Amino acid sequence: MAMHLYHLSSKLLEDTVGTMNDNLTSVVLAASVITLTLGYVSKLLLQQAPGNEPKHPPYIPSSIPFLGHAIAFGKSPIEFLEHAYDKYGPVFSFTMVGKTFTYLLGSEAATLLFNSKNEDLNAEDVYSRLTTPVFGKGVAYDVPNPLFLEQKKMLKTGLNIARFKDHVKVIEAETVEYFERWGDSGERNLFEALSELIILTASSCLHGREIRSMLNEHVAQLYADLDGGFSHEAWLLPGWLPLPSFRKRDKAHREIKNIFFKVIQKRRKSGETVDDILQTLIDATYKDGRPLNDSEIAGMLIGLLLAGQHTSSTTSAWMGFFLSRDKALQERCYAEQKAVCGENLPPLDYDQLKDLSLLERCLKETLRLRPPIMTMMRMARSPQTAAGYTIPAGHQVCVSPTVNHRLHDTWVERMEFDPERYLNDNPAAGEKFAYVPFGAGRHRCIGENFAYVQIKTIWSTLLRMYDFDLVDGYFPTINYTTMIHTPHNPVIRYKRRKQ
Ligand code: HEM
């Protein structure tokens, strides 16, 4: 309470100073009066407080009831958060649609979220209403976190280097086949193409050949309907509402699960042992010796596909636009293909992929400036302390990779796309959570290595096929209306390279 009054008074001071900036004496006088009044009132309030009230994070006031800052945040979330950071510091709260959010910006403040126990800052409380209708019961945020951690370990076992070696071949072949339809030159929607391609590559690599062979237009539509479950309405509105998108999501979930059940049962019956992730899941057991049932396996397969779908397709598309904007860099990446793999550009292999270090730095830099997950969120189940403030239970506590990745206190030339920054003296390297596109701590991503293999293989193949350009110099603006910040009007110009 006393803290809120302090921030209201600071604003009053700022506003007063703003209108009097041509008269220094008046400013000093006004500042003194306001500061003295503030000190007096704060003292009175503290005296009246029954004990020493906890110091809550600064609260950004809003005159709009219930909606609060939803409109300003929805229009330009990064600008909103950066502005709040400059004004209130690394920890602050505000209300949107009846919920109070507390952001922890910068590496130090983010420590609370990444090091916390799930019982204190809880992920299920905020994510489950979106993910459980899509992935199904018994997996991910529908189960207690220790069980989900066991499931993550099983998935991680399945994402190993021996498999990646096969994945590179599969992804290269899928990419060449998909882009055949682009012909020799033209202008096309890059994001749409990469989204379609990544469903195919992820299905081949993460689901196995039986499920990939069933991936036709109908199944692709089912994935799209299921994916429609990750929407703002699913986030905000009660799940029992008879919305068409909810009904489509639920129908798609049932149909996809039935397809997967048939494949799992066939594999179990055949006694055949295939070296893929489906087999890893069929053979896996929890610590107590219990194997996964078919519903858990199907749910984990859905989760694998969707967790990597938007994240990887958005990242790949942005990377294409960054490389098209900087033609010299694009040429250096193409030259690297020849230098590492051979002048005649033979088929890619995993060991060479690892040596494509410039391409890797371009991907790393894309993930810095356009991390697909803009905010990680947890529910404070009990009061939490950050930067000397007490965050009350019930707040949604958030860390934003996007803001951390461009904080002016941390990054040099923060808005420049500069893959070489990782070779130079990079001050951000000294801050543990300055760069967190894949999160950190117990909820950290298990798909990072696969995502690097997938995106580097796709871009190696595309750089070998085409020379890319922006269309009339247009670099896509950011579409903030989607939960993952996609490129707006993502059309690219391409021309086949002469080998
Ligand atoms: C560019 C690609 C990707 C990015 C940027 C990304 C980003 C993230 C982030 C930021 C988190 C942490 C979420 C949180 O703390 O709330 C996360 C978690 C996770 N990701 Fe990814 N991801 C990517 C690809 C993938 C892929 C390909 C898979 C699966 C193969 C995957 C599976 C997961 C899983 C299972 C979690 C754990 C969630 C938890 O424990 O709460 N991700 N990812």
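Student: What makes strand S3 (residues 121-122) and S5 a pair?
Tutor: Two strands pair if DSSP finds at least two bridges between them. S3 and S5 have two bridges, in the antiparallel sense, so they meet that definition. Leu121 has Ala380 in S5 as its bridge partner. A word on the source: this is a predicted model, where local features need pLDDT of at least 70 and side-chain atom pairs count only at pLDDT 80 or more, while totals for chains, interfaces and linings use all residues. Residues are numbered from 1 along each chain as its sequence is written, and side-chain values use heavy atoms, with hydrogens and water left out.

Student: Which sense do S5 and strand S8 (residues 396-399) pair in?
Tutor: Antiparallel, over four bridges; Met379 is partnered by Gln396 in S8. Strands here are DSSP runs of E with at least two residues, and helices are runs of H or I with at least four, numbered from the N terminus.

Student: Why is strand S5 (residues 376-380) called largely enclosed?
Tutor: Buried means under 20% relative accessible area (exposed is over 50%, partly exposed in between; 1.4 Å probe, protein chains only). Five of the five residues of S5 are buried, so the rest of the structure largely encloses this strand. Met376, Arg378 and Ala380 point one way and Met377 and Met379 the other, all of them buried.

Student: What makes a set of residues a nonpolar core?
Tutor: The members are buried Ala, Val, Leu, Ile, Met, Phe, Trp, Tyr and Cys residues joined through side-chain atoms within 4.5 Å. The largest one here has 137 residues, and Leu81, Phe94, Tyr103, Leu104, Phe179 and Trp459 touch the most other members. Helix H15 (residues 294-325) gives the largest share, 14 residues. In soluble globular proteins, nonpolar side chains tend to be buried together.

Student: How do you know what Phe179 touches?
Tutor: Contact means heavy atoms within 4.5 Å. Leaving out residues up to four places away in sequence, Phe179 touches Ala193, Leu194, Leu197, Leu462, Met465 and Tyr466.

Student: How many residues line the second largest pocket, and which lie nearest its centre?
Tutor: There are 18, with Tyr350, Glu360, Asn449, Tyr452 and Val453 nearest the centre. Lining residues have an atom within 4 Å of a pocket point; on a 1 Å grid over the protein atoms alone, a pocket is an open set of points where a 1.4 Å probe fits, with protein on both sides within 12 Å along at least five of seven lines. H20 contributes the largest share of that lining, six residues.
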